[in-house]
Amino acid sequence: MSRTARPARTAAVAAAVAAGALTLAACSPTETIEPYAPSDGSRVDINPSLRAVNLMVVTPEEDAVGALQGGLVNKTAEDVTYTLTAEGASPVTVPVPAHSTVYLGTQGGVPAELDTVAGEPGTTIPASLEVAGVTQEFALHVFDGTLPEYAAVLPTPSPAASGLPTGAAPSPTASDPVGTAESESTDQDETASDGESVPPSDTNE
């Protein structure tokens, strides 16, 4: 009798140990070495020194003008120019000085617009980002003014017939250079490398 009970007891102990190991595995946090952007927009990594964080476009509707949001990071010793091309829209070029981060559309940042957004809010459109001879494709997220943080940057539809009012200066769009933003410190660039978001109304990445 004891010879039969011992294997059964051993099997029961082994099953309990296996169950405990599965429970611990389920409770353990999952880690990943892949960079990601914990935000609404997209992160585009060109190389360790050149990247974009939290890229998105805010528009009232499909086929309307869209305001670009996000940050463009340049941790190199040379000035560079980013070119963002979205499906159906003209390219947008943004110069970024050495050791700097340019914020698009945020308070204190530089304005940048797509002349048309070929996608409804809530979807994504195919896009690419080129800098230093390297092009990376990505999905550009499209938002409208439903969320309060995006309502403040929502572009106003331009007048249908006469275009801009007399005397008004057009904002940078399409392939016109956006301009140069204020240089950021290395610490701020490191923040971007951690994948932090760049909200539309703030300058934190």
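Q: Why is Thr 123 called partly exposed?
A: Thr 123 has a relative accessibility of 33%, and since buried means under 20% relative accessible area and exposed over 50%, with partly exposed in between (1.4 Å probe, protein chains only), Thr 123 counts as partly exposed. This is a predicted model, in which local features need pLDDT of at least 70 and side-chain atom pairs count only at pLDDT 80 or more, while totals for chains, interfaces and linings use all residues. Residues are numbered from 1 along each chain as its sequence is written, and side-chain values use heavy atoms, with hydrogens and water left out.

Q: Which residues does Thr 123 touch, not counting residues up to four places away in sequence?
A: Contact requires heavy atoms within 4.5 Å, and Thr 123 touches Leu 140, His 141 and Val 142 on that basis. The C-alpha atoms of Thr 123 and Val 142 are separated by 5.6 Å, although the two residues are 19 residues apart along the chain.

Q: What makes up the lining of the largest cavity, in nonpolar, polar and charged residues?
A: Ala, Val, Leu, Ile, Met, Phe, Trp, Tyr, Cys and Pro count as nonpolar, Asp, Glu, Lys and Arg as charged, and the others, Gly among them, as polar; the lining accordingly divides into 8 nonpolar, 1 polar and no charged residues. Among the residues that line this cavity are Leu 68, Tyr 82, Thr 83 and Val 92, where a lining residue has an atom within 4 Å of a point on a 1 Å grid at which a 1.4 Å probe fits but cannot get out.

Definitions and conventions:
On a 1 Å grid over the protein atoms alone, a cavity is a set of points where a 1.4 Å probe fits but cannot get out, and a pocket is an open set with protein on both sides within 12 Å along at least five of seven lines; lining residues have an atom within 4 Å of a point.
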